[in-house]
Amino acid sequence: MPGTARRPRSRLTALLVAVDAGCVLVVLLADLFLPGLADGLRHPGLAVFGVSLLAVHGFTGLYRPRLEPSALDDLPLLLAAALAALGVTSLADVVLGAGPVDGPLLRFAAAQTALVVAARAGAYVLVQAVRRSGRGGRRTLVVGCGGLGAQLAGVLARREHGLLPVGFVDDEPRLPPCSRPLPVLGRIADLPRLVREHEASVVIIGYSNVPEPVVVDVLRACHGLDVEIFTVPRYWQVTSTSRTMQLLRGVPLVRLRRPAFRAPSWRFKRVVDVVASAAGLLLLSPLLGLCALAVRLDGGPGVLFRQERVGLAGRRFELLKFRSVRATAEESATRWSVADDGLPPLGRWMRRLSLDELPQLWNVLRGDMSLVGPRPERPYFVERFGAEHDEYLWRHRVPCGITGWAQVNGLRGDTSIADRARYDNHYVENWSLWLDVKILLRTVVQVVAAAGR
């Protein structure tokens, strides 16, 4: 189930949080005995600065685990974080009426930043010493048994990065058995099983002869595992490194972002769905009543159209819509779409304004759907499109939605299924609350534009 997998724990992250929090506490306590540092605790900005500094460190990625941590690499962001914390403190002072940021507070901020830099440098020395001792090394699988794989295995064997190489994973190893620094444990398709069997917490993807679409599918199958995945970018010898990359003695690695539906924040999406759908059903009840009456007067009994659709993890549910066209069960299960010019006037008008989809708010409240997600399809077409398009079935990793990223980008009706799958999987792997808000806003704009036409 989405959201059940734990993120890999990082001792380095916990250490950095403790070090920074300890520095804040030390400087605050020192101020009790050194009043000249910041005029005692009478300035309310001291606590505000300390708390905001920790928050800015988190937002700027200063607590992300790194394979080659360095206080000098952290220094530019630490200085920028101190300035940002001063800005927050200045705003708090204006709100609290404590006066502008003055000399004592600036001295306090400088002392705080200097202590954090020194403490981090000491923490990194300790981390390197522990790593070289071999204690606490994270078991690592290397995908690709070739020249690059051998290079990675050699780097990991130095025990400078807290990673313990366990073995290669490859379908066609290019290194002869006599020159392999690690054993070949299995094929790439077996990677999820190998991660569990060898209790690996890190996977590094090098180069292999396996087609990239196959590797992508295997990596998606690992999303539910408690494992970090890094990949060596193509043409890494001429690729400029950035802060988002990590280095293994000159070899850049890109850490694959764990899909957001595996994060704790994903649970808040369901809270939004329940609140918004309940409020929508209540506030739109007069409009729902008018639509039901119009459908009843126009076409007789049978106001709601019920159809089996496929949702999260392939589970089936009954989707509700206002009836816009009469169709037999057989036609509705296997017919791809009904052209607008084949609809009666009322049905065409309701579809243009998306009023026929309002009953799906009940599906959202029940938990069958979400407000935003890949559009659900009928079982017949899920089976057909899944056989024709490799990316299609991966859409079902999250709940389906009333509207989605593909729909607001014009992919609705008789449009490319491959494009829909690509947009939907982009949504799945790059979800954020803001992306949901953006999709809902664009949906409203499109409905209003359709009404104008």
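Predicted model: local features only at pLDDT ≥ 70, side-chain atom pairs only at ≥ 80, totals over all residues.

Me: How many helices and strands does the protein have?
Reply: The protein has 16 helices and 11 strands. Both are DSSP runs, numbered from the N terminus: helices are H or I with at least four residues, strands are E with at least two.

Me: How do you know that the span of helix 8 agrees with its number of residues?
Reply: The expected span is 1.5 Å times one less than the number of residues. Helix 8 (residues 266-283) has 18 residues and should span 26 Å. Its end C-alpha atoms are 26 Å apart, so the two agree.

Me: Which residues of helix 8 are buried?
Reply: Trp-266, Lys-269, Asp-273, Ser-277 and Gly-280 are the buried residues of helix 8. They cover an arc of only 65 degrees around the axis, so they sit on the same side of helix 8. The arc is taken from the directions from the helix axis to the C-beta atoms. An α-helix has 3.6 residues a turn, so residues three or four places apart point the same way.

Me: What makes a residue buried, exposed or partly exposed?
Reply: Buried is under 20% relative accessible area, exposed is over 50%, and partly exposed is in between (1.4 Å probe, protein chains only). Buried residues make up 44% of the 453 residues in the protein. On helix 8, the face turned away from the buried side carries the exposed residues Arg-267, Val-275, Leu-282 and Leu-283.

Me: Why is Phe-268 called partly exposed?
Reply: Phe-268 lies in helix 8. Its relative accessibility is 45%, so Phe-268 counts as partly exposed.

Me: Which residues make the nonpolar surface patch?
Reply: Phe-268, Val-271, Val-272, Val-275 and Leu-433 make a patch of about 410 Å². Patch residues have over 30% relative accessible area and no salt bridge; like charges are joined within 9 Å, nonpolar side chains (Val, Leu, Ile, Met, Phe, Trp, Tyr) within 5 Å. Helix 8 gives the most to this patch, with four residues.

Me: What makes the contact of Glu-212 and Arg-234 a salt bridge?
Reply: A salt bridge needs a side-chain nitrogen of Lys or Arg within 4 Å of a carboxyl oxygen of Asp or Glu. Glu-212 and Arg-234 meet at 3.5 Å, N to O. Glu-212 lies in helix 7 (residues 212-221) and Arg-234 in the loop between strand 5 (228-231) and strand 6 (245-248), so the pair ties together parts 22 residues apart in sequence. Glu-212 is partly exposed at 49%, and Arg-234 is partly exposed at 44%.

Me: How many salt bridges are found in the whole structure?
Reply: The search finds 24. Among them, Arg-378 and Glu-377 meet at 3.0 Å, N to O, and both residues are buried.

Me: Where do Asp-419 and Arg-422 lie?
Reply: Both lie in helix 15 (residues 417-429), three residues apart, about one turn of the helix.

Key. Residues numbered from 1 in each chain as written. Heavy atoms only, no water. Areas by Shrake-Rupley, 256 points an atom, 1.4 Å probe, with all protein chains shown as cover.
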